[in-house]
Amino acid sequence: MSVCLLERRRLACIEGRSASGLHAFKSCIESAPPYCYVLGVIGGFQMKRKDFFRILGVLLAVGIVYGALRITGAENIGNSGKIKLYSQQQKGYIMADKINKTEAEWKQVLTQEQFQVLRKQGTERAFTGEYAHTKDKGIYKCAACGTDLFSSDTKFESGTGWPSFWKPIAPENVASETDSSYGMARSEVHCARCGGHLGHIFNDGPKPTGLRYCINSISLKLEKNK
Ligand SMILES: [Zn+2]
């Protein structure tokens, strides 16, 4: 398309608006291809001032609504800021800072084995973990950041050699995503606060959820009931 024709369309847009205001501007958008609209915006200062502020008002309102939705929906999303978590000690929900560390920083606070599982999605060998058969009562916390993850009340003997739970202590405290490594579509589960890999979720667990959270012992730290 020639520049000449583009320019003619642009002028037609501007003329349309000048003639009958916003209505003409709308019909211009509907009838004209997108570049006409872009050129029309560039030529915005030539439209009636009233229409210009009306459009500006609509754009601002859209921006405010979008911003509000982002803020209210931002809970537990993203890699920074606060996160809503259940705290067994507080017997309720708390707001906690998300934890973001570099690989080098994690290596300073985790053992090599913990680092391989928690930060590199590794899996400990079955029947070797500290909590595979533990029946002690208490709260299993994230070994990396101390977030409450599972209650011993939901632990069951799965026969797999890994500690297994039928639900987390609260849905907010763990997060999951599909993991397609090793050619299997599995749901990977990790700590919602620090992102540390915990294990996988399967659909062959006991009632009432029918879920099996198959967790590496090394990702957990049991705080026994006193
Ligand atoms: Zn954690």
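Trainee: Which residues does C191 touch?
Mentor: Leaving out residues up to four places away in sequence, C191 touches C142, A144, C145, T147, L149, V174, G196 and L198. A contact here is two C-beta atoms, placed from the backbone, within 7 Å. Keep in mind that this is a predicted model: local features need pLDDT of at least 70, side-chain atom pairs count only at pLDDT 80 or more, and totals for chains, interfaces and linings use all residues. Residues are numbered from 1 along each chain as its sequence is written.

Trainee: And how many residues are in the largest nonpolar core?
Mentor: That core has 30 residues, and C191 is among those with the most contacts inside it, along with C142, A144, L149, Y213, I215 and L220. A nonpolar core means buried Ala, Val, Leu, Ile, Met, Phe, Trp, Tyr and Cys residues joined through C-beta atoms within 7 Å. Buried is 20 or more other C-beta atoms within 10 Å of the residue's own, exposed is 12 or fewer, and partly exposed is in between, with C-beta atoms placed from the backbone.

Trainee: Switching to sheets. What's the strand order in the six-stranded one?
Mentor: It goes β5-β6-β10-β9-β8-β7, an open sheet with antiparallel pairing. Two strands count as paired if DSSP finds at least two bridges between them.

Trainee: How many bridges hold β7 to β8?
Mentor: Six, in the antiparallel sense, with T178 opposite S187 in β8. Their hairpin has six residues between the strands, and Y182 takes a positive phi near 60° there.

Trainee: What about the turn between β8 and β9?
Mentor: That hairpin has five residues between its strands, and G195 in the turn has a positive phi of about 80°. β8 and β9 pair antiparallel over four bridges, and E188 stands opposite H200 in β9. Moving along, β9 and β10 are also antiparallel, over four bridges, with F202 opposite R212 in β10.

Trainee: What's the order in the three-stranded sheet?
Mentor: β4-β3-β11, open and antiparallel. β4 and β11 are its edge strands, each pairing on one side only. Five bridges join β3 to β11, and K141 has K221 in β11 as its bridge partner.

Trainee: Confidence check: what's the average pLDDT?
Mentor: The protein averages 80, and 69% of the residues score at least 70. pLDDT is the predictor's confidence in each residue, from 0 to 100.

Trainee: Where does pLDDT stay under 50?
Mentor: Residues 1-6 are one such stretch, with three contacts beyond four places in sequence. Residues 71-77 are another, with five such contacts.

Trainee: Last one: what share of the protein is buried?
Mentor: Buried residues make up 26% of the 226 residues.

How values were computed. Helices (H or I, at least four residues) and strands (E, at least two) are DSSP runs, numbered from the N terminus.
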